[in-house]
Amino acid sequence: MRLLRWSCGVTRLDRIRNEIIRSKIKVTEISKKIQERRLQWYGHVQRREENYVGKKIARLEVEGKRGRGRPKKKRENCINEDLHEKGLSGNEVHNRMDWKRLT
């Protein structure tokens, strides 16, 4: 059986937790990177003019019901959760350099 070695010389047989490996090689979680990019895109769209197509689509409400089961997660809900987690109100978005630093 061939074992995969990572850039820091660790194999699965070493049974080292992901958090320890990430801190050793200074890499963040993928979910945090996704959150960062989502907030950066949100800031980009919010700074655009009102007639920008992306801004219109962000405000678009889809009518009708979905199928059975749990409702799909909306992008707006994800953004609100991200803002809450970072302790941001969303008003900081107009200062581009501050927004980049905060997200």
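Residues are numbered from 1 along each chain as its sequence is written. This is a predicted model, where local features need pLDDT of at least 70, side-chain atom pairs count only at pLDDT 80 or more, and totals for chains, interfaces and linings use all residues.

Show the helix around G43. This is α2, spanning 30-47. Helices are DSSP runs (H or I, at least four residues), numbered from the N terminus. Beyond neighbours within four places in sequence, G43 is in contact (heavy atoms within 4.5 Å) with V93 and W99.

Next, the largest pocket, with about 530 Å³ of space. Closest to its centre, of 20 lining residues, are L60, E61, V62, R66 and K74. Colour α3 (53-59) and α4 (75-86); each supplies at least two lining residues. The largest share, three residues, comes from α3. The lining divides into five nonpolar, three polar and twelve charged residues.

Move to the second largest pocket, about 260 Å³ in volume. It has 14 lining residues; select Y42, Q46, A58, R59 and R75, the closest to its centre. Here α2, α3 and α4 each give at least two lining residues. Seven residues of this lining are nonpolar, three polar and four charged.

Notes
Side-chain values use heavy atoms; hydrogens and water are left out. On a 1 Å grid over the protein atoms alone, a cavity is a set of points where a 1.4 Å probe fits but cannot get out, and a pocket is an open set with protein on both sides within 12 Å along at least five of seven lines; lining residues have an atom within 4 Å of a point. Grid points are joined across faces, edges and corners, and a volume is the space filled by probe spheres set on the points. Ala, Val, Leu, Ile, Met, Phe, Trp, Tyr, Cys and Pro count as nonpolar, Asp, Glu, Lys and Arg as charged, and the others, Gly among them, as polar.
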